[in-house]
Amino acid sequence: MARCFHRHPAPGTSRRRDLGLLALRVGTGAALAAHGSQKLFGWFGGGGIEGTGTAMEAMGFAPGRQSALAAGLGEAGGGALLALGLATPAAGAAAAGAMAGAVAVHAPAGFFAQSGGYEYPAFLGFTAAAIGLAGPGRYSLDHATGHRFDQHWTVAVAFVASAVAATVVVGRRQCRTNAGTGDEAH
């Protein structure tokens, strides 16, 4: 007769996991929200919509003002929702999509941030995506609302929509950038 061994989690493991998710959500969400508020409101030394729009136009994102608004909302809105643990799949997907645009801008400088590379936006994007996929944990508004905005189907919809949007935006930017440099391989 085969003997079955069922491993039970160590006492307190679930609580620790939920506290870990809370810390990760709040830290990542706050960093994203602060970064996005630079774009939207000019806080923390940011350019606001006008300044960021001009910069985004120069980086190949057109129209610049709408690009600044979309990036700012993805970062600030996605970050705030991640920190709260509300609509977590959509929040993680929105933030990850916004970071995909930032990665595209920084990619020519290589990986490491000290040389202007994409290390930091990639880290924020992957972390936001992981939280969106893993879920917010017990200490969240999603949990408090019975996961009304955190349904299984929203994970797939949010991440597919974000991936499609990021692909289109980054692809259009690449075409503009290539056209500006005379590169015909676009």
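Modeller: Leucine 124 touches Thr28, Ala31, Leu32 and Met99, leaving aside residues up to four places away in sequence, where contact means heavy atoms within 4.5 Å. This is a predicted model, in which local features need pLDDT of at least 70, side-chain atom pairs count only at pLDDT 80 or more, and totals for chains, interfaces and linings use all residues. Residues are numbered from 1 along each chain as its sequence is written, and side-chain values use heavy atoms, with hydrogens and water left out.

Biologist: What makes up the largest nonpolar core?

Modeller: Nine residues make up this core, among them Leu32, Met99 and Leu124; such a core is a set of buried Ala, Val, Leu, Ile, Met, Phe, Trp, Tyr and Cys residues joined through side-chain atoms within 4.5 Å. H4 gives the most to this core, with four residues.

Biologist: Why is phenylalanine 44 called exposed?

Modeller: Its relative accessible area is 61%, and exposed means over 50%, buried under 20% and partly exposed in between, with a 1.4 Å probe and protein chains only, so phenylalanine 44 counts as exposed.

Biologist: What makes the phi of phenylalanine 44 worth a remark?

Modeller: Phenylalanine 44 has a positive phi of about 55° although it is not a glycine, whereas most residues other than glycine have a negative phi.

Methods: Helix = DSSP H or I, 4+ residues; strand = E, 2+ residues; numbered from the N terminus.
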